[in-house]
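Dear colleague,

Please read them with the structure open beside you.

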Amino acid sequence: MLGAAAFLFATGAMPAGAAEPISPERLAETVKVLASDAFEGRAPGTAGETKTVDYLVARLKALGLEPGGRDGSWIQPVPLVRTQIGAGGTMQATVAGQAVPFVQGSSIYVSTVRPVDRVAIADAPMVFVGYGVSAPEQGWDDFKGVDLKGKVAVFLINDPDFEAKPGEAVAGRFGGTRMTYYGRWTYKFEEAARRGAIAALIVHDTPGAGYGWNTVVAPGGENYDIQRANPEERVLLQGWIEGDAATDLFRRAGLDLADLRLRARRADFAPVELKGVRYSASLPVTFSRMQSRNVLARMPGKTRPDEVVMFGAHWDAYGVGAPDAEGRTVRPGANDDALGVAGLIELARGFAQGPRPDRSLVFGFWTAEERGLLGSEAYAVDPVYPAEKTVANFTLDILQTAGLSRDVLLVGQGQNDLEADLARAAAAQGRSVTPEALPERGLFYRADHFPLARRGVPTLLLMAISGAPDLVEGGRTAGEAWLKAYMACYHQTCDRWTPEWNLSGAAQDIALVRDIAGSLANSSRWPHWSPTSEFRAVRERTNGR
C-alpha cells in the first residue's frame with residue numbers, strides 16, 4: 001500500500017519535493033465563502049462585487065503577494081456599459097416593395113453594445129458573406145473586397161469545413177468539427193464592424209452554433225461591453241436570424257439558402273447581395289455605465305522579473321435572479337468560477353511558500369466573464385504586463401467535483417506547446433490527456449484566457465464541461481453522470497457548494513497547472529503556437545519568437 005505522501009504524488013495532489021499538497025479542504029473553504037448568500041452571486045457593479053474584491057485583496061495580502069496593478073494597486077478598473085433593447089420597436093425586411101416583419105425573439109434576435117438611445121436603420125442593403133472568414137494563413141477570403149459600409153452582413157455560423165463531406169476540398173482545412181475562432185459569433189460581429197457594416201446577422205442552426213434558439217434569445221435583448229473610446233468600432237446592431245425565417249427571406253429574394261451553404265464551402269465563394277431586399281429597424285435602447293474591477297496580484301521574479309507567467313480565473317457570477325422552485329434567488333457560481341478562484345489562491349499560497357521563481361508570477365481575478373469575457377478583455381486591451389513579455393496564461397474555469405480521475409481534458413487541441421507540457425505533467429501523475437468531447441462548441445474561445453490568446457500569449461485552459469472525466473470510481477459512465485448533473489445547474493441557483501463535492505480531482509488538475517507553470521517560471525523557455533494556429537502570426541509579430 002502507498003504511504004500518504006506517495007499516494008498524493010501518484011494522484012497528482014503533490015509533486016516530488018513539494019512541501020505541501022493542493023488541499024481539497026482549503027479549496028472547499030474558499031468556495032463556501034465566495035458562494036455564500038452573503039456575496040449575492042458576485043454580479044459586477046453590486047454590493048456582491050465589493051465584498052468579493054475586498055475578500056480577494058485580503059486573502060492575497062495575507063499570502064504575502066504584492067499588488068499587481070498599476071501604481072501599487074491591487075485593482076485594475078474595468079468601466080462597463082450595459083444596454084437593453086426595449087419593447088415597442090419594429091424590424092422588417094422589404095422585398096420588392098413588400099414588407100416582411102421580423103419579431104424579436106421569434107424570427108430574429110438582436111441586441112446592441114453601443115451606448116445609444118435608439119437603433120435606427122433605414123433600408124440598408126443585405127449581403128450574404130458565407131461564413132465571413134478572412135484567414136490569410138489558410139488562403140481563404142470570403143469577402144473578396146466587397147464593400148460592406150452601411151450594409152447588413154449575413155453570416156453562417158461555424159467554419160467553412162464544419163459541414164464538409166469527405167472528399168470536399170475544404171474538409172479538414174480549418175478545424176473540421178472543432179470550431180476555430182473564425183467560427184465564433186464574436187469573430188463574425190467583429191469582422192463585420194471592421195468592414196464597415198451597420199449590422200451583422202447570423203443564420204442560426206443548432207448543430208453549427210452548438211445550442212438551440214432558446215439559448216440565443218435567453219438574454220432578452222440585454223448586452224454588455226467594456227466602455228470604448230470609439231463605440232463605433234462595434235456594429236450598431238448584432239444578432240441572429242432564426243433558420244426557417246432566413247430560408248424564407250432568401251427564397252423571397254430568389255435565392256436558395258441550402259445551395260448557398262454549399263457554395264460557401266468553396267474558396268472561390270464571393271458575397272451575394274440579396275437583390276431587392278432592404279433591412280430597417282427602429283428600436284428603443286436604454287443604457288447605463290458602471291465601474292467594475294479586476295484584482296491583480298504579483299510575485300516578482302528574482303532574475304527576469306519583466307517576464308511574466310500569468311494565472312487567471314473569473315470572480316463574477318450571475319448575481320440574483322428569479323426564484324427557483326425552492327425560492328432561492330442567488331445564483332452563487334460555486335463551481336463557475338468560485339472553485340477556479342480558490343484554485344488560484346491555492347497556487348499563490350504554494351508559490352509564496354517556496355523559493356522565488358526566476359520569472360514573475362501574476363494572478364488575475366477577472367470581472368464580467370459572464371457578460372462576455374469583459375474583465376479579461378479590458379486587461380488585454382490595456383495590459384499591465386505587455387503581451388510580448390507574457391510567457392503563458394493558465395486559466396481555471398469550472399473544475400470537476402466528483403473525485404480522482406484517470407485523465408485530464410484538453411480544450412482546443414492543436415493550439416500550442418503547452419499541450420505537450422500537460423501530457424508530460426499528467427503522465428507524471430499516472431494520468432492521460434483526453435481531447436474535449438464537443439469541440440464544435442468552441443469552448444477554447446469562451447473563457448478568460450482567450451483575450452490573451454488573441455494577443456499572441458500561449459494559453460492552457462482547464463474547463464471540466466468540455467467532456468466527461470474517466471473517474472477512478474465509476475469510470476467514464478460516472479463522469480457522464482457528473483457532467484449531466486452539473487450542466488443542469490449551469491448558471492442556475494443550484495450551482496452551489498455541497499458536502500457531496502469530492503475535490504480530490506480538482507486538486508489533481510490544479511497541481512498540473514502548478515507543475516507546468518512552475519517549470520516555465522524557472523526556465524528561459526517560451527512556448528510556441530502551432531503552425532496551424534490562428535494566433536501564431538500575432539505572437540511572431542510581437543516578440544519574434
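Helix H2 (residues 24-34) packs against helix H3 (residues 47-63) with the two axes 11 Å apart and at an angle of about 155°, where axes are lines fitted to C-alpha atoms, for helices over the stretch in contact, and angles run from 0 to 180 degrees between N-to-C directions. H2 is therefore roughly antiparallel to H3, since angles under 35 degrees count as roughly parallel, over 145 as roughly antiparallel, 65 to 115 as roughly perpendicular and the rest as oblique. In this pairing, Thr 30, Val 33 and Leu 34 of H2 meet Thr 52, Tyr 55 and Arg 59 of H3, a contact being heavy atoms within 4.5 Å. By class, three residues of the contact of H2 with H3 are nonpolar, two are polar and one is charged; here Ala, Val, Leu, Ile, Met, Phe, Trp, Tyr, Cys and Pro count as nonpolar, Asp, Glu, Lys and Arg as charged, and the others, Gly among them, as polar.

Before going further, please note that this is a predicted model, in which local features need pLDDT of at least 70 and side-chain atom pairs count only at pLDDT 80 or more, while totals for chains, interfaces and linings use all residues. Residues are numbered from 1 along each chain as its sequence is written, and side-chain values use heavy atoms, with hydrogens and water left out. Helices (H or I, at least four residues) and strands (E, at least two) are DSSP runs, numbered from the N terminus.

Turning to charged pairs, the structure holds 33 salt bridges, each a side-chain nitrogen of Lys or Arg within 4 Å of a carboxyl oxygen of Asp or Glu. One of them joins Arg 431 to Asp 509, with the closest N and O atoms 2.9 Å apart; this pair links distant parts of the chain, as Arg 431 lies in the loop between helix H11 (418-428) and strand E18 (432-435) and Asp 509 in H14, 78 residues apart. Both Arg 431 and Asp 509 are buried, where buried means under 20% relative accessible area, exposed over 50% and partly exposed in between (1.4 Å probe, protein chains only). Another bridge connects the side chains of Arg 454 and Glu 190 (3.3 Å, N to O), with Arg 454 in helix H12 (residues 450-454) and Glu 190 in helix H4 (residues 185-194), 264 residues apart. Arg 454 counts as partly exposed because its relative accessibility is 27%, whereas Glu 190, at 10%, counts as buried.

Finally, seven of the eight residues of helix H10 (residues 374-381) are buried, so H10 is largely enclosed by the rest of the structure. Among the elements that cover its buried residues are strand E2 (75-85), strand E13 (272-299) and H12. By contrast, Pro 166 is exposed, with a relative accessible area of 81%, and lies in the loop between strand E9 (152-156) and H4.

With best wishes
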